Protein chains: 2
Amino acid sequence: MKNILVAQSGGPTAAINATLAGVIREARKRSEIDRIYGAFHGVAGILEDEIVELDQTFASEKALELLEKTPAAALGSCRLKLKASDENADQYGKIIEIFRKYEIHYFVYIGGNDSMDTVLQLSKYCAENGIDDICVVGAPKTIDNDLCGIDHCPGFGSAAKYIASVCVELEREIDVYDVPNVIIIEMMGRHAGWLTAAAALAQEQSRDVPYLIYLEEIVFDTKKFIRDIRAALESSNRVIVAVSEGIHDADGHFICEACDPDQETDAFGHKQLAGTGRVLARLVKDEIGCKVRAIEPNLMQRCAAHILSRTDTEESKKLGQLAVSLCVEHRPGMMASLTRVSDEPYEVRYTAVPIEEVANKEKKVPLEWIAESGNGVTEKMISYLRPLVQGELLCEYENGIPKFLVIPKQ
Amino acid sequence: MKNILVAQSGGPTAAINATLAGVIREARKRSEIDRIYGAFHGVAGILEDEIVELDQTFASEKALELLEKTPAAALGSCRLKLKASDENADQYGKIIEIFRKYEIHYFVYIGGNDSMDTVLQLSKYCAENGIDDICVVGAPKTIDNDLCGIDHCPGFGSAAKYIASVCVELEREIDVYDVPNVIIIEMMGRHAGWLTAAAALAQEQSRDVPYLIYLEEIVFDTKKFIRDIRAALESSNRVIVAVSEGIHDADGHFICEACDPDQETDAFGHKQLAGTGRVLARLVKDEIGCKVRAIEPNLMQRCAAHILSRTDTEESKKLGQLAVSLCVEHRPGMMASLTRVSDEPYEVRYTAVPIEEVANKEKKVPLEWIAESGNGVTEKMISYLRPLVQGELLCEYENGIPKFLVIPKQ
């Protein structure tokens, strides 16, 4: 038998299961593929033989449709980064053993840049050990939008739609009382400001409330920040501040460390940055003294299935399908990808890139897309972002509450 | 001419504009009413003559429909509580002067329990001063659901739907990694735990992840809290904690004051409580050491127009319409209200209550609706809540972002 295995890894998104659904749909269509297996908890779960058969769970179209609108990783995830194969033969040996046990000839790993490293390492191990009947490919995802080798990332469009929507709602809130009012909203993004830039879509739409947008890519100057706030309040009495969780000063110190120097680190070595908004709110309170609130969507910006971007979920599905095609065409060590043909009309072309272009790399916001003022973004950024949040997709409701699919652990 | 004036007051909600739309719709139908005026910023705005004509802005059905799906208070709000009329004749005199200027014979004030005090005071002033051609009535609202004299409050159903939806989404998040995991979500509610109880709707729906729900109505014991967490983690490795912002210890000290003793106070004398979740997360980190996050929806739980409860917005509209009827029937000092006839099928009856039953009073969660364990709610609470979150209402989108109505200041 020639079976396929799929797993998810890294931080979850609202669209990562659309990619999984794409994998399942395509695998089902291919005569070259027999059974469809999933591993819980990414590569960590493979090592523990947490393998389940998915054919039964997704026998019906209904189940697949529900999966497509379920946020977070239905197969769970891990933050395990395998050491390079030359230092770690045992683990790789174990993985291949598990693959053999289940007659896995195709493996699709859905994840971000660290997870693509696992695809790279595993592909290398197979190549170096003459294992030419197992094809390992990557399918992208991340709300941070920081993968190289792809125009934009699955999961990002929905997170951007969420952020922009929350911003226009907060504009209505900030407008309510007749007093100087500052709302600071803190976005995820690790080291890239893409998601923070999504606030500009709200600003562009309503043109009603001034925004100050600070991305991680440039040094954050607290004195300038206070000057910017004063200027905005003078002209309009209210301002929304969108800020990346990872803004830092000229010495590279994260602003949020003033809030909690003891930031958690995950197994990929990334700090769990949080609290930037609160530090800035305290600063505004002390220096200016006006009404100010810090809003931290936190996990909600990456699991808001009640406000999916249809563009995002459609592309996420297609990338999952493409990953399966890459497997069947025996193109190991590639990642399903897409390039942008045009902004308007919006058009993309599906393609594949060598994993080396993606693994362990980060794509930050180009500095020329950040306004010279240092507190906004350019028209180029808006044109880039706008198509990604188009289209709505109502999740399923039961008794007034979103209904999701949970894959039984079996 | 006999014109109507409408204004909004207190904390905004996602449905307060549905009530405003109801007022406008009904006023338009009534031959006894000529022009429709709105005051920006509640009674504070009336005193400053911030009066605008609304007939033109809402000439079209389209504009009214857009208003119904716009969150926060389209006429702005205030936190001004008028002193009792016997101490404050000047302000009341000024209000009546403004009413006479615009030939206002009907005034609908949409607000919570403090705002209903203004309706009470103004009605008393009119009665005591022989002003029998101005009818002042109240229309209810609050996400806190703490108004007396009404089964549940406009704005609450949508906020509860938002909370329950966020909870089921966080269940998918908490399920992702294979490590002990605690997510703490902090709800608004000032002194009542109604909104926090909405988490139980999520728990009831999915029955997948254990919940611990702590309402403000009972003393919070941090030692018991840690014991509860340990027990939940033992049985299931993950737990969602829903907690009211205003939980307090046996001495009445708010738990969030450990985070920020310097909590802001608004003009109604209410502390802006926030940070309870963070205090508890720190406690869990110190005492247990597992993965833990504090999520604070903050303002988002009251302006999430992208997830309105249709039941809520329909009722909010009807209460606005009823308030106008009360005006035309000359029933000053009354508040539009509703009682519940049955849970299943869900049925309500529209009525009116004397403002004295509402003004300055608070309706807390009945202690018998809280589970004996102190960390959950009873079936009675679920039956009470369930109908209020039913039905979806897609807001309008433009370029992938919610579109709202902004009343021009003129």
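Reader: In what order do the four strands of the open sheet in chain B stand?
Author: This is a predicted model. In chain B, four strands form an open sheet. Their pairing is parallel. The order is β7-β8-β6-β9.

Reader: Which are the edge strands of that sheet in chain B?
Author: An edge strand here pairs on one side only.

Reader: What does the twist average from one strand to the next?
Author: The strands of this chain B sheet run in the order β7-β8-β6-β9. From one strand to the next, the twist averages 15°.

Reader: How many bridges join β7(B) to β8(B), and what is the bridge partner of B:Tyr214?
Author: Strand β8 of chain B covers residues 238-244 and runs parallel to β7(B). Four bridges join the two. In β8(B), the partner of B:Tyr214 is B:Val243.

Reader: Which helix of chain B, residues 199-206, packs on the sheet, and what angle does its direction make with that of β7(B)?
Author: The helix is α8 of chain B. It touches β6 (181-187), β7 and β8 of chain B. Its direction and that of β7(B) make an angle of about 160°.

Reader: Which strand order does the open sheet of chain A have?
Author: Chain A has an open sheet of four strands with parallel pairing. Its edge strands are β7 (211-214) and β9 of chain A, each pairing on one side only. The order is β7-β8-β6-β9.

Reader: What is the bridge partner of A:Tyr211 in β8(A)?
Author: β7(A) and β8(A), residues 238-244, pair in the parallel sense. Four bridges make up that pairing. The partner of A:Tyr211 in β8(A) is A:Ile240.

Reader: Which helix of chain A lies across β6, β7 and β8 at about 150° to β8(A)?
Author: α8(A) packs on the sheet and touches β6 (181-187), β7 and β8 of chain A, but its direction makes about 160° with that of β7(A). The helix running at about 150° to β8(A) covers residues 222-236. That helix is α9(A).

Reader: What relation does the superposition of chain A on chain B show?
Author: A rotation of 180° superposes chain A on chain B, with an RMSD of 0.0 Å. The shift along the axis is 0.0 Å. Therefore the relation is that of a two-fold axis. The same surface serves both copies, as the contact residues of chain A recur in chain B at 99%.

Reader: What area is buried between chain A and chain B?
Author: The contact takes 67 residues from chain A and 66 residues from chain B. In chain A, A:Glu169, A:Tyr177 and A:Arg293 lose the most area to chain B, together 12% of what that side buries. Carbon and sulfur atoms give 56% of the total. The buried area is about 5700 Å².

Reader: With which residue does B:Glu173 form a salt bridge?
Author: The rule finds two salt bridges across the interface of chain A and chain B. In the one with B:Glu173, the closest N and O atoms are 2.6 Å apart. The partner is A:Arg302.

Reader: Which element gives the most to the side of chain A that touches chain B?
Author: Between the chains, 23 residue pairs are in polar contact. Elements giving two or more residues to the chain A side include α6 (156-174), α10 (276-287) and β9 (291-295) of chain A. One gives ten residues, the most. That element is α6(A).

Technical notes. Residues numbered from 1 in each chain as written. Chains lettered and ligands numbered in written order. Predicted model: local features only at pLDDT ≥ 70, side-chain atom pairs only at ≥ 80, totals over all residues. Heavy atoms only, no water. Least-squares fit on C-alpha atoms with pLDDT ≥ 70 in both. Contact = heavy atoms within 4.5 Å. Pairing = 2+ DSSP bridges. Axes fitted to C-alpha atoms, helices over the stretch in contact; angles between N-to-C directions. Buried area = accessible area lost by both parts, 1.4 Å probe. Salt bridge = Lys/Arg side-chain N within 4 Å of Asp/Glu carboxyl O. Polar contact = N/O pair within 3.5 Å; in protein donor to acceptor, adjacent residues only side chain to side chain.
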